[in-house]
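The exercises below are to be worked with the sequence and the coordinates open. Each task is followed by a solution in steps.

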Amino acid sequence: MLNDMLRHTLNPAHSSKKELKMGKRTFREGDKVIQTKNNYDKEVYNGDIGIIQTVTKEENDEGEKIDVMKVNFLGRIVTYNKESTKELDMAYAITIHKSQGGEAPIVIIPATTSHYVMLARNLMYTGMTRAREKLVFIGTQKVMHIAIQNDEITARNSRLADRLLNATNTFYKGVDEHV
């Protein structure tokens with residue numbers, strides 16, 4: 001919802017701006033977008049942020065005219081057809097997790113006790129260090145105190161260690177059989 005509100009203010013619809021509709025989503029020239037999935041063919045990766053430069057029609061391999069969108073990722077233009085737009089989301093407002101180590105000129109961190117599980121020192125620190133020029137913290141001193149005192153790092157359930165151990169055992173088992 002915040003992305004929609006910011007987009008309405010920062011990049012409002014105008015007859016001079018072309019749009020590409022994909023289901024319930026509409027992409028507009030000038031929109032700020034984020035890549036949500038690694039795409040090795042396009043050389044864009046989860047967390048990359050770009051600006052939609054143009055919405056146009058181009059010929060595909062079969063000679064048909066199709067809708068395409070060109071997105072500028074730090075000077076590199078990447079073409080998306082309607083199908084590949086599912087890899088993009090609006091990026092006027094993104095989570096700390098989606099920032100992927102990037103920076104922004106202005107970072108706004110809203111923090112309330114209603115999201116108590118997110119009040120952790122490492123998460124607040126990560127969010128704050130994303131600000132290049134200005135940081136705005138929206139919350140109370142109580143909320144900040146809770147976050148600072150919470151230095152617990154939530155255990156992740158990725159089972160990465162188990163998967164690596166299993167892969168290593170499988171590899172060596174295969175090596176032993178061939179030696």
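**Exercise 1.** Which handedness does the β-α-β unit of β8, helix α2 and β9 have?

Solution. The model is predicted, so local features need pLDDT of at least 70 and side-chain atom pairs count only at pLDDT 80 or more, while totals for chains, interfaces and linings use all residues. Residues are numbered from 1 along each chain as its sequence is written, and side-chain values use heavy atoms, with hydrogens and water left out.

Step 1. Locate the elements, where helices (H or I, at least four residues) and strands (E, at least two) are DSSP runs numbered from the N terminus. Strand β8 covers residues 104-110 and strand β9 residues 131-138; helix α2 covers residues 121-128.

Step 2. Check the pairing, which requires that DSSP finds at least two bridges between two strands. β8 and β9 are parallel and share six bridges; A104 has A131 in β9 as its bridge partner.

Step 3. Assign the hand. A crossover is right-handed if, with the strands pointing away from the viewer, the path from the first strand over the helix to the second runs clockwise. The unit formed by β8, α2 and β9 is right-handed.

**Exercise 2.** State the strand order of the open sheet of five strands, and identify its edges.

Solution. Step 1. The order is β6-β5-β4-β3-β7, and the pairing is antiparallel.

Step 1. From one strand to the next, the twist averages 45°. Axes here are lines fitted to C-alpha atoms, for helices over the stretch in contact, and angles run from 0 to 180 degrees between N-to-C directions.

Step 2. As a detail of the sheet, β3 (residues 32-35) and β4 (residues 49-59) run antiparallel and are joined by three bridges. V33 has G50 as its bridge partner in β4.

**Exercise 3.** Describe the surroundings of D67.

Solution. Step 1. D67 belongs to strand β5 (residues 65-73).

Step 1. Its relative accessible area is 23%, so D67 is partly exposed. The classes are buried under 20%, exposed over 50% and partly exposed in between (1.4 Å probe, protein chains only).

Step 2. Contact means heavy atoms within 4.5 Å. Beyond its neighbours within four places in sequence, D67 is in contact with L20, T56, K57, Y80, N81 and K82.

Step 3. K57 is ten residues from D67 along the chain, with 4.5 Å between their C-alpha atoms. The side chains of D67 and K57 make a polar contact at 2.8 Å. Such a contact is a pair of N or O atoms within 3.5 Å; within protein, one must be able to donate a hydrogen and the other to accept it, and residues adjacent in sequence count only if both atoms are side-chain atoms.

**Exercise 4.** Why do the buried residues of helix α3 lie on the same side?

Solution. Step 1. In α3 (residues 141-149), the buried residues are V143, M144, I146 and A147.

Step 1. They lie on the same side of α3 because they cover an arc of only 160° around the axis. The arc is that of the directions from the helix axis to the C-beta atoms.

Step 2. Q141, K142 and Q149 are exposed on the other side of α3.

Step 3. The cover over the buried residues of α3 includes α2 and β9.
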